[in-house]
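Q: I'm new to this one, so please walk me through it. Pick any residue to start.

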Amino acid sequence: MLRHSRIEDILEIVIENPPVNALGASVRRALFDAIDQAEKDALVRVLLIRGGGKLFSAGADISEFDRPEEEPGLSTLVDRIEDCAKPVVAVLHGQCLGGGLEVAMGCHFRIAASSTRLALPEVTLGLLPGAGGTQRLPRLVGAAAAVNMIATGAAITAQEAQASGLIDRLVDDAEFAAAALDYARTLVAPRRTRDLPVVTTADEVDAHVAANARKFGGLEAHKACIEAVKAATCQLFAQGLALEKSLFEKLVKSDQARALQHAFFAERRAATIADLPRDTAKRPIAQIGVIGAGTMGTGIAVNFLLAGLPVTLVEKGASALQRGVDTIARTFASGVAKGKMTADQEQRANSLLAPTIAFDDLSGSDLIIEAVFEDMTIKKEIFSTLDRIAKPGAILASNTSFLDINEMAGVTKRPEDVVGLHFFSPANIMKLVEVIQGARTGQDVLATCMGLAKRIGKAPVLSGVCYGFIGNRMLLPRLDQARQLLLEGATIAQIDAVSTRLGLPIGPLQMIDLAGVDIGWHRDPTRIDNLNDALCAKGRLGQKSGSGYYDYDERRRPVSSPEVDAIVQQFRADAGIVPRAISDDEIMVRTVYIMINEAALILEEGIAQRASDIDTVWMLGFGWPRWTGGPLWWATQTGIGSIIDGLERHRDHFGPFFAVAESLKKGSSRYQPFYPA
Ligand code: CAA
């Protein structure tokens, strides 16, 4: 847990709790005792606290939050450090997060390696820093800067930390341990953060929050963070600390915090494959091939280029290829303009791109991803060409959103090399990648793809083969029902509002507009089989054409459209549908509960490994609100009983083949939650 060593009269205490030096109960106890002993030890004059391995500390052990806190609590520990009669120095490197930063602020001095990143991300877990962070940070950096860090969870660099007064010394990465010793030698007496004055007023905090309202969310934790920081501006330290404690205790039991912590672990669990041995060898990946220079292909290529991996980009024709190259260059240029990358990084990323119209140029690639039109005939042609030209051991991947990977693998003599890598649009921004396991996909291929996805900053989730995999399979019944509800009499705004009230960024009809009303359209404006056909016939292809189920203003905001109302009325009349009043309850059941039912089927069929993977797919791929923990966490909290009751209540609307998933019902108790209570 801790390593101690004494150099002259300086005691260095190193936290050794891999992988992230979380401050669990035993680490806290050991640190507490170490301070006690060092204080009594006449041979020790100054104490250094440092993290072993890659970082200082990722903070409190999040897995302990659902249990009563064992003594010493983090707050007690930080107070103990601050009360130490001898100078204590926090020596920071890597990451210094949450409770880690609170410990550092309890120390009397802080020195950091120049690549250190510091943050108080508790708000992203539905909490506030509960070990004095809301009271100490304003004393070090002022309350406006403190509310910025605490209520957004945003990380700052060591340079920013030094400029703001959060750290005292900044040193080169290579020298930080030695520099810390030199620094310690100069220190004479402790300096308690709690004794510093707060110079900012509560009004200034309010003004800062109002001026930057878009940065601050509206969750309980955001509000509590702001309230606690404001207390630091006008109350005594002890009073502020008491308020922080009471707010923390309320938050830690809240539904939002539990859901956000579930989301944290769900995302990390999703990156692992349950029955894959940990030591499965990964294939070396040094060269990527991407087929198709359209929106998806270029977005996919950008990820690899940014991660420093060379990409061969193939298109059929020179002009389409050039358009793709231009798109990629524009993406990097805008990254530079927004300050997200440097001109050097831009130049390097561009230089790693090798555009070509010759398929054979893919022969050196270790991983080839096709991102062409969703048509099985074309995909099969591509896979049989790849089978011919790709080098032995190359991974052959499809970015298909729906189609059967096994069929593609079937045209090759190496089905074990074939896998799906389903990126979500825009592929350079969305974190989710569904890794699709075909019937014969090799375990080493899966291990390689899961690892590679992480390497390019994505969150991989394993899915089996079915139409639409995890995410899109759940989306389809939702979109079908939304269109059906519209025909039966609901309004567009009413349908979407049910989802946005739940916290989803957009409703199902806005989602159709975003994806394109013309997906799957037969392109014959005289043939109107469904509502989408009717809209496409009028040129309303979705956001890309400026109109779909909604009109869009110059800032792409949806506005209701009298033309669509007329189209809907005409369609109803032609189909002999008499509109009826539809309740929000019915919309909720038919557009949201139906997804829960589909998810249960996905689990029954073994398409997803675990319920939390489904939550991850929807949180990262479709913007399901994290503070409700994903659809299945939400469903469990809502009560599976009421989900089943809703589905039964409206079962006639789902058609004759609808059935509530067997796995939702369990024996005599009838209701099977996705998570234990
Ligand atoms: N507590 C418990 N486990 C943690 C943890 C924490 N604070 N932080 C990370 N882990 C675990 C992860 O679950 C993961 O476990 P598995 O290997 O079993 O999946 C492992 O450590 C490695 O984590 P990552 O996969 O995320 O590794 P990474 O290298 O990509 O990222 C990191 C490292 C930047 C530290 C990232 O893990 C992170 O952001 N952690 C959370 C930090 C955080 O939110 N801290 C605040 C906690 S609340 C608090 O401190 C105080 C308070 O007052 C409430």
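**A first tour**

A: S663 is partly exposed, with a relative accessible area of 27%; partly exposed falls between buried, under 20%, and exposed, over 50% (1.4 Å probe, protein chains only). This is a predicted model, where local features need pLDDT of at least 70 and side-chain atom pairs count only at pLDDT 80 or more, while totals for chains, interfaces and linings use all residues. Residues are numbered from 1 along each chain as its sequence is written, and side-chain values use heavy atoms, leaving out hydrogens and water.

Q: Thanks! Where does S663 lie, and what is S663 in contact with?
A: S663 belongs to the segment after α26 (640-649); helices (H or I, at least four residues) and strands (E, at least two) are DSSP runs, numbered from the N terminus. Setting aside neighbours within four places in sequence, S663 has A600, E604 and Q672 in contact, where contact means heavy atoms within 4.5 Å.

Q: And what separates S663 from L187?
A: Their C-alpha atoms are 65 Å apart, and the two residues are 476 residues apart along the chain.

Q: Let's go inside. Which residues touch the most other members of the largest nonpolar core?
A: That core has 76 residues, and I470, Y549, W624, W634 and F674 touch the most other members. A nonpolar core is a set of buried Ala, Val, Leu, Ile, Met, Phe, Trp, Tyr and Cys residues joined through side-chain atoms within 4.5 Å.

Q: Which helix gives the most to this core?
A: Helix α23 (residues 584-604) does, with 11 residues. There is also a second, separate core of 67 residues, which includes L74, I81, L101 and A104.

Q: New topic: at what angle do α19 and α20 pack?
A: Helix α19 (residues 492-502) meets helix α20 (residues 508-515) at an angle of about 100 degrees, and their axes are 7 Å apart. Axes here are lines fitted to C-alpha atoms, for helices over the stretch in contact, and angles run from 0 to 180 degrees between N-to-C directions.

Q: What does that make α19 relative to α20?
A: It makes α19 roughly perpendicular to α20; under 35 degrees counts as roughly parallel, over 145 as roughly antiparallel, 65 to 115 as roughly perpendicular and the rest as oblique.

Q: Which residues make the contact?
A: From α19 they are I492, I495, D496 and S499, and from α20 they are P508, L509 and Q510.

Q: How about α17, what does helix α17 reach from its first C-alpha to its last?
A: Helix α17 (residues 443-455) has 13 residues and reaches 18 Å, close to the 18 Å expected at 1.5 Å a residue. The expected span is 1.5 Å times one less than the number of residues.

Q: Which residues of α17 are buried?
A: They are V445, L446, A447, T448, C449, M450, L452 and A453. Just after α17 comes G457, with a positive phi of about 80 degrees.

Q: And helix α5, which residues are buried there?
A: In α5 (residues 143-152) the buried ones are A143, A146, V147, M149, I150 and A151. Their cover includes α3 (99-106), β7 (117-119), α4 (133-141), β8 (156-157), α8 (202-211) and α9 (220-234).

Q: Which residues have a positive phi although they are not a glycine?
A: E8 and N21 are examples, each with a positive phi of about 50 degrees. E8 sits in the loop between β1 (2-7) and β2 and is partly exposed, at 46% relative accessible area. N21 sits in the loop between β2 and α1 and is buried, at 2%.

Q: Where do I find a cis peptide bond?
A: One runs from P18 to P19, with omega near 5 degrees, and P19 lies in the loop between β2 (10-15) and α1 (25-40). Another joins E71 and P72, where omega is about -5 degrees; P72 is in the loop between β3 (46-51) and α2 (74-82).

Q: Last one: is D387 buried or exposed?
A: D387, in helix α15 (residues 376-389), is buried, with a relative accessible area of 13%. Beyond neighbours within four places in sequence, D387 contacts V411, T412, K413 and R414.
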